[in-house]
Amino acid sequence: MESITPQHYLILAFLLFSVGFFGVVLRRNLLLVLMSLELMLNGINVALVSFSRASGNLDGSLFVFFIMTVAATEVAVGLALLVALYKKRKSVFSEDISLLKN
Amino acid sequence: MDSFLNFSNENLWIEIWPELCLALAALLILGLDLFRKPDSSRLLSGRIAILFQLGLVIFHLFDYLVWHHTFDRVAFSGMLSLGIQGDVMRSFFLLSSLLVSILGHQYLKSGSLRCGEFHHLTMLATAGLMLLVQSSHFLMLFVALETVAICFYTLVAYNRTSEKSLEAGIKYLIFGALSSSLLLFGIVLIYGVGANPEAWGAVFAGYESQDPLGFKYISNLLESNPNNLLLKAGVVLIIAGIAFKIGAAPFQIWVPDVYHGSPMPVTAFLAVSSKAAGFFVLLNLVNGPFLGMAEFLMPLLGFVATFTIFFGNLAACAQQNLKRMLGLSGVAHAGYLLVAVMASMQFAGNSDRAVWVLFFYLFTYLLASFAVFGVMGLARLKDEMDHEFSVYEDLVAKHPWMAFVLVSGIASLAGIPPFAGFIGKLLLFSVAFEAKLHFSLIAMVVGVAISIYYYFGWIREIIFKPRPSFSDETEENEKDLWVKIPSFSMFKLCMITLAICSLILGIWQGPFGDAF
């Protein structure tokens, strides 16, 4: 019976990262874009933890805490901006937010 | 107590005193603003911020010019490595932060926005930038980068009464977070291979350092495994993340929108500090940990630089909005600077000349950009984001000093002698020629030639008489278009100093001259 190796974790992390990436690029709802950004960071966390576990080096596990903190601040700022924008435009869809054109 | 003292001595906290001072002063300003009595002046925090940063700039210059704190040193067990180049960049960021505070002070005078937070965020971002350029460990690099980025997201959206500013903030946040995720994924791939080389088909060489996120370890790893696929992917992702930050094509899509929507002082901050930090980090990476991959990176960077130069210049020609135009011309400048980074890779091991050319170029870019954005900030428009060419019609007759400062800034950006920008471009060309980057050199020359077109269009509006207009209404409106500045004010003095500095540096390079 085959066991789960770091390679499998890397594939999982890559898939999560890609789902998040395409979510950011393709989604029209800005709330979902913010969620996709989180998904990308979570994919990275999975990879970090598995690498760290496989090699016995704790730096990776430590790094995850920093990433989680940063992700939280990023989303806090993002949601604050989104709320301020929603008050003005009454919409969170990217096609309604396009004043910045030539 | 003893262990505390040991901890403090081992980590050399004293080495980061400018960052600590900035961060503490930023907190102080925030607190002061919180407990300010409602009837006292709301501009007080701005004055404190400017005075404090002026003192810090002077003291920091003293620190490394007079007391010669310029030897290479390592602090925080390999997290930071400090040296003369890092010190030059630190002074650069302090100076630019001082100028942002001066511009911001002027900008906030008229509006109803709060002042304390602006200066607080500017100073925190600067402290982050100063740590970023000295980091020699990927954990430090990531945390410093995010400190800067989160301050910038807020600053870009600072004018929250304007929808455009908020929109620019959201756009910058999404693109910025995307780019940091790419960078992070690259770091993780390199970490994964570095921590456990055998599992990923890499060779394990005896390493000097045991820290798989430190630059030294990664440098050894990449040197012994230049063909590992995962390592290559990691390097490309990290370079892509930084290319986003400096606005290099094909990652430049956010630049025009964000420059357009952000308040004027923040546009200047983004254009100068954020870009300079990106370049210095790139320089550190390609000359440090990524040196083993130089053969693989050269064509990649060459393509990116050429594409960036052409895209930036051609797109800027088509712009009617001046802030967008400046953003795209900033993209073109990023292309020129990338060529300097490539040149420094060609001179591997002996890259000092290319690095000093890069510094000189960044410094002229700072002088010119702050002059241009400072004067632009004085226009009182219905919508402050909409700077068209027509706003500047015949400025030379209305306000000669503004016209002088603006023209000197634009001419320096365009690279017209006798301004400093010309010398900067000349040095860049000579360095590219020495490094045998002939193709990039041709791209640069063509790019500069194109850029003269749009810069001159602007100069023409300022200096030469406007087209005859037959409606009286426009005449009435134009009378009070520009903010009145008292004849002796700090802001005016500072703007004129910037213009004169870029004139003097164009004729006499002084302290920089020895390095070439």
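**View 1. B:Val236, a partly exposed residue of helix α9 in chain B****.** With 17 C-beta neighbours inside 10 Å, B:Val236 counts as partly exposed; a residue is buried if 20 or more other C-beta atoms lie within 10 Å of its own, exposed if 12 or fewer, and partly exposed in between, with C-beta atoms placed from the backbone. B:Val236 sits in helix α9 (residues 229-246) of chain B. Helices here are DSSP runs of H or I, at least four residues, and strands are runs of E, at least two, numbered from the N terminus. Between the C-alpha atoms of B:Val236 and B:Ser45, 191 residues apart along the chain, the separation is 43 Å. Please keep in mind that this is a predicted model: local features need pLDDT of at least 70, side-chain atom pairs count only at pLDDT 80 or more, and totals for chains, interfaces and linings use all residues. Residues are numbered from 1 along each chain as its sequence is written, while chains are lettered from A and ligands numbered from 1 in the order in which they are written.

**View 2. Where chain B meets chain A****.** Here 38 residues of chain B are in contact with 35 residues of chain A (C-beta atoms, placed from the backbone, within 7 Å). On the chain B side, α6 (138-156), α7 (163-195) and α10 (254-261) are the elements giving two or more residues. The largest share, 18 residues, comes from α7(B). By type, this side of chain B has 21 nonpolar, ten polar and seven charged residues; Ala, Val, Leu, Ile, Met, Phe, Trp, Tyr, Cys and Pro count as nonpolar, Asp, Glu, Lys and Arg as charged, and the others, Gly among them, as polar.

**View 3. Helices α16 and α18 of chain B, packed together****.** The axes of α16 (residues 400-414) and α18 (residues 438-463) lie 10 Å apart, at an angle of about 170 degrees. Axes are lines fitted to C-alpha atoms, for helices over the stretch in contact, and angles run from 0 to 180 degrees between N-to-C directions. That makes α16(B) roughly antiparallel to α18(B), a label for angles over 145 degrees. Among the contact residues are B:Leu406 and B:Ile410 of α16(B), and B:Tyr455 and B:Trp458 of α18(B). The contact comprises twelve nonpolar residues, one polar and no charged.

**View 4. Helix α17 of chain B and its surroundings****.** Buried residues of α17(B) include B:Phe422, B:Lys425 and B:Leu428. The buried residues pack against α13 (322-346), α14 (352-376), α16, α18 and α20 (490-507) of chain B. After α17(B) comes B:Lys436, with a positive phi near 60 degrees.

Conventions
Contact = placed C-beta atoms within 7 Å. Parallel < 35°, antiparallel > 145°, perpendicular 65-115°, else oblique.
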